[in-house]
Amino acid sequence: MKASYIEYSDTQSFSKTLLAYLSKNEELKAFYGNFPDLEGFKKQIELKQDFQYRHILVQELQRQYESISSASETVANNIASLNDSKTFTVTTGHQLNIFTGPLYFIFKIVTAIRLSQDLKQAFPEYNFVPVYWMATEDHDFEEINNTKVYGKKIVWDVPAQSATGRMSTTTMEQVVKQYCSMLGLSDNSSKLTELVENAYLKDRNLADGTRELAHALFQEYGLLVIDADKPNLKKLFAPIIKQDILEEKSFQAIDKTSEELEERGFSTQVHSREINFFYLTDEFRERIVKLDDGRYEILHQQIYFTEEELLNEIAEHPERFSPNVVMRPLYEELILPNLAYIGGGAEIVYWLQLKRNFEQYQIPFPILVPRNSAMITDDQTAGKVFRLDLTFKSVFKPLNTLKNDYVKRHTKHRLNLRDEWMELNSIFGKIKLRAHKIDPSLGPSTDAVKARLKKAINNLEKKLLKADKKNHEDALVQIERLKDRLFPGGGLQERSENFATLYIKYGDEFIPELVKHFNPLDFKFSILY
């Protein structure tokens, strides 16, 4: 593959808040810790030196990897290295999308891998381990039960239950068959079929199936895949669970931060609740709310706790208390020797709402690193971009703008009436002067006539452009097809298409090419072809 890079702002696809963060906007500095550059990482290593749960973390990861079908020495070494005070993690997280979901699932993990490599080169005396944190406790099944291959949506259509990570994959046989039937016949499609069948058709839950697939794809890079829905890890979080539910500390801190961000003109992504935990069993995951009589209710389940009963439940069964979107980051940073969190644009925005909450619990706030974003095409399509007198930057413009710009560049006629309008404008100046001499009140009437004429001139320019488009019809059709190819469904490729089509094309070289060309701390959008 070859690579070209453009500014994120040139894609017109990322939020004002994210762009402000990357440009070190002074208005945002209070909402994050160290910036994602080498100096920031040097400081972050010092912040995480006192991480205290290494032994527990290593034991839990070793236990989780007992079910992996193919052992990886690199992964085993990375797990063991977490016992060393000089080893740190670089983490990304995502839901358990079937078949990995959209491309950005892959991009997140590759960003974590490449950043770990870059940090090792910059700080050779330390070790850096890439981690994929599975959102196994998430219950939004409709977000993860589908994917798109060649534009066709494939859905695992079964009833949702409890946390998605606990769902059995025994009902996935038909959806796996449908997915694999889309892959065609080749060595690469056969290999991907084998990986998918091994992940989902071995009587596992979805968490273990997702770990199996991610491990198969990334094991050579030592990626660690963690499921934090485990009693041994939740025990570490229990003091914060208790304090947060009883005192509503997160609600107050995050609510105040959100107000401050909005006052400065920045968007917010999530809303904190008075209680930011769900009650989790194998059958359901429901919100915990406090009633006026002081009891705590598990919504929709007719389950109630007094304060004393709730404290006993947290002490005896911390695994039943599941953090929501604003508390999960705190849990992650508590149990990992983590330096950085790698997330998409929306994730970075909601992490900016959380710093005050980290501070009140005295947990170091991680460095926020936007995941690499990319458009992946081929030489033929890239050649067409250049033959149509476009650039990788210009193709992000709206389709109609691209067409208009093309006609204006290649027309044999002068389509604008700028010179004519300048002449008319001069004439109207004289008319207005004459009218003013007769009656000063006629000035607005003259301006109104001028405005109507200007509008008519603009409309005529549009008609001239529209008429000349017929002379460039073939090129404009090619531009339209090019846009459809590069932006499936009108959006970024990475947000809709699954990695399968690219894996079939590039095989085992696909992920190494991404690792090679992604540059996490450059903050550029990648075009690979």
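In this predicted model, the largest nonpolar core comprises 141 residues, and Tyr 179 and Ile 245 have the most contacts inside it. Helix 10 supplies the largest share of this core, namely seven residues. Leaving aside residues up to four places away in sequence, Ile 245 touches Ile 275, Phe 277, Ile 288, Tyr 296, Leu 310, Ile 314 and Phe 321. A further core, of 15 residues, lies apart from the largest one and includes Val 90, Ala 112, Leu 119 and Ala 340.

The protein has 529 residues, of which 53% count as buried, and it contains 22 helices and 15 strands. Along the principal axes, its C-alpha atoms fill a box of roughly 90 × 60 × 50 Å. Among contacts between residues at least 6 apart in sequence, 77% join residues at least 24 apart.

The model holds 30 aromatic pairs. In one of them, the ring centres of Phe 237 and Tyr 331 lie 4.7 Å apart and the planes meet at 25 degrees; planes under 30 degrees apart count as stacked, and therefore this pair is stacked. Because Phe 237 belongs to helix 10 (residues 231-247) and Tyr 331 to helix 13 (residues 328-335), the pair ties together parts that are 94 residues apart in sequence. Phe 237 is buried, with a relative accessible area of 0%, and Tyr 331 is likewise buried, at 0% relative accessibility. Another pair consists of Tyr 279 and Phe 305, whose ring centres are 5.7 Å apart and whose planes are at 55 degrees, so this pair is classed as tilted. Tyr 279 lies in strand 7 (residues 277-280) and Phe 305 in strand 10 (residues 303-305), so the pair ties together parts that are 26 residues apart in sequence. Both Tyr 279 and Phe 305 are buried. Ring pairs also link Tyr 8, Phe 14, Phe 396, Phe 487 and Phe 525 into a cluster.

The charged end of Lys 16 sits over the ring of Phe 266, 5.4 Å from the ring centre. Lys 249 lies over the face of Tyr 361, at 4.9 Å from the centre of that ring.

Which residues of helix 4 (residues 73-81) are buried? They include Val 75, Asn 78, Ile 79 and Ser 81. These residues cover an arc of only 165 degrees around the axis, and therefore they lie on the same side of helix 4. The buried residues of helix 4 pack against helix 3 (54-64), strand 2 (87-94), strand 3 (127-134), helix 9 (206-218) and strand 6 (224-227).

In strand 13 (residues 367-370), by contrast, both faces are covered. Ile 367 and Val 369 are buried on one side, and Leu 368 and Pro 370 are buried on the other. Strand 13 runs parallel to strand 12 (residues 338-343), to which four bridges join it. Within this pairing, Ile 342 has Val 369 of strand 13 as its bridge partner.

Some individual residues complete the picture. Most residues other than glycine have a negative phi. Ser 162, however, has a positive phi near 50 degrees; this residue is in the loop between strand 5 (152-155) and helix 7 (173-181), and it is buried, with a relative accessible area of 8%. Asp 203 also has a positive phi, of about 55 degrees, although it is not a glycine. Asp 203 is in the loop between helix 8 (187-200) and helix 9, and it is exposed, with a relative accessible area of 63%. Glu 308, in helix 12 (residues 307-316), counts as exposed at 61% relative accessibility. The C-alpha atoms of Glu 308 and Arg 295 are separated by 9.5 Å, and the two residues are 13 residues apart along the chain.

Technical notes. Residues numbered from 1 in each chain as written. Predicted model: local features only at pLDDT ≥ 70, side-chain atom pairs only at ≥ 80, totals over all residues. Heavy atoms only, no water. Phe/Tyr/Trp six-rings, centres within 6.5 Å; stacked < 30°, edge-to-face > 60°. Helix = DSSP H or I, 4+ residues; strand = E, 2+ residues; numbered from the N terminus. Buried < 20%, exposed > 50% of the residue type's maximum accessible area, 1.4 Å probe, protein only. Lys NZ or Arg CZ within 6 Å of the ring centre and 35° of its normal. Core = buried A, V, L, I, M, F, W, Y, C linked by side-chain atoms within 4.5 Å. Contact = heavy atoms within 4.5 Å. Arc of directions from axis to C-beta. Pairing = 2+ DSSP bridges.
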